[in-house]
Amino acid sequence: MNQHSVLIVHGEPLVRVGLRTLVESQRACATCGETSNPAAALALATELAPRFVLLDLVLPQGDGVVLIKDLHRFAPSSHLIVISSLVDTESVQRAFRAGAEAYVTTQDEPAEVLAAMDAVQEGRRYASNRVSSSLLQDLSCGALGRPRDAEVSRLSDRELQVFRMIGRGMSSTSIAQELGVSSKTVETHRQRMKDKLQVHNGAQLAQRAATWFAIMAKRSGHPQPRIEPISRVPLRRRKETPVELATFKAD
């Protein structure tokens with residue numbers, strides 16, 4: 001049986017391990033590589049032409065939406081499946097517009113990833129139950145296709161990534177280190193965002209970003225914490241419960 005190759009592109013090591021374990025539990029699939037770096041991901045995809053690319057939208061040294069566009073152009077035979085903690089409608093819409101074929105969240109069951117792989121192979125788009133619920137909620141209130149914050153929707157993909165990081169409480173220096181760019185580049189993004197959002201200073205931009213981030217996190221049903229010092233607490237060992245996984249269907 002010919003195995004389908006899978007490239008994993010994610011910024012969280014634990015998520016990469018989990019996805020690799022899931023993929024390798026399926027006889028029809030095999031991991032051909034994994035990375036958190038968008039440039040490395042594009043090079044691997046171009047060279048290996050994997051059947052599937054499982055990728056996040058938030059990546060160190062790059063932006064997942066931009067990577068989706070590049071993969072769609074330079075690795076057109078690969079099926080692009082987003083695996084992200086972001087569930088807000090703006091992120092989902094941008095991902096699909098860029099060329100993603102499926103969207104699953106990191107809070108979903110592993111079986112959703114396998115279902116997404118089956119769906120895209122059959123030529124269908126796929127959104128997990130959590131993502132579908134979020135989209136239906138917007139549809140029911142007339143917000144789907146009409147962003148709640150029209151000014152935020154005018155931000156570029158990179159600007160939105162920086163805006164989200166500001167909302168998490170990250171400084172310009174931390175953002176620059178995370179993205180692998182200079183502080184001057186981050187400041188350029190901040191100035192463009194202030195112009196587009198019609199705010200007058202950094203404090204107003206930070207407040208706007210924090211408010212937007214809190215609303216998006218609340219709507220996702222999985223609030224994401226702001227960046228704060230971590231206190232050391234004793235860890236308790238918990239007994240692991242076996243999880244039964246669905247089976248990926250080969251062609």
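Helices are DSSP runs of H or I with at least four residues, strands are DSSP runs of E with at least two, and both are numbered from the N terminus. With a relative accessible area of 15%, Arg16 is buried; buried means under 20% relative accessible area, exposed means over 50%, and partly exposed lies in between, with a 1.4 Å probe and protein chains only.

The side chains of Arg16 and Glu34 are joined by a polar contact of 3.5 Å. A polar contact is a pair of N or O atoms within 3.5 Å; within protein, one atom must be able to donate a hydrogen and the other to accept it, and residues adjacent in sequence count only if both atoms are side-chain atoms. Leaving aside residues up to four places away in sequence, Arg16 touches Ile8, His10, Gly11, Glu34, Thr35 and Ser36, where contact means heavy atoms within 4.5 Å.

## Helix α1

Helix α1 covers residues 13-24, twelve residues in total. From first C-alpha to last, α1 reaches 16 Å, close to the 16 Å expected at 1.5 Å a residue; the expected span is 1.5 Å times one less than the number of residues. The buried residues in α1 are Arg16, Leu19, Leu22 and Val23. They lie on the same side of α1 because they cover an arc of only 130° around the axis, the arc being that of the directions from the helix axis to the C-beta atoms.

The partners of these buried residues are β1 (4-9), β2 (29-35), β3 (52-55), β6 (79-84) and α5 (110-121).

## Nonpolar core

In soluble globular proteins, nonpolar side chains tend to be buried together. The largest nonpolar core here has 26 residues. Such a core is a set of buried Ala, Val, Leu, Ile, Met, Phe, Trp, Tyr and Cys residues joined through side-chain atoms within 4.5 Å. Val9, Leu55, Leu57, Leu67, Ile68, Leu71 and Tyr103 have the most contacts inside this core. At least two residues of the core come from each of β1, α2, β3, α3 (64-74), β6, α4 and α6 (129-140).

Leu67 touches Val9, Pro38, Ala41, Leu42, Leu55 and Leu59, not counting residues up to four places away in sequence. Tyr103 is ten residues from Gln93 in sequence and 10.0 Å from it in space, C-alpha to C-alpha. Gln93 lies in helix α4 (residues 89-98) and counts as buried at 18% relative accessibility.

Ala49 has a positive phi of about 50° although it is not a glycine. Ala49 sits in the loop between α2 (38-48) and β3 and counts as partly exposed at 41% relative accessibility.

Gln198 also is not a glycine, and its phi is positive, near 60°. The loop between α10 (183-197) and α11 (202-220) holds Gln198, which counts as exposed at 57% relative accessibility.

## Whole protein

The protein has eleven helices and eight strands. Of its 251 residues, 44% are buried. Among contacts with a separation of 6 or more, 68% are between residues 24 or more positions apart. The protein exposes about 13600 Å², with carbon and sulfur atoms supplying 51% of it; accessible areas come from the Shrake-Rupley method with a 1.4 Å probe, and for residues only the protein chains shown count as cover.

## Conventions

Residues are numbered from 1 along each chain as its sequence is written, and side-chain values use heavy atoms, with hydrogens and water left out. In this predicted model, local features need pLDDT of at least 70 and side-chain atom pairs count only at pLDDT 80 or more, while totals for chains, interfaces and linings use all residues.
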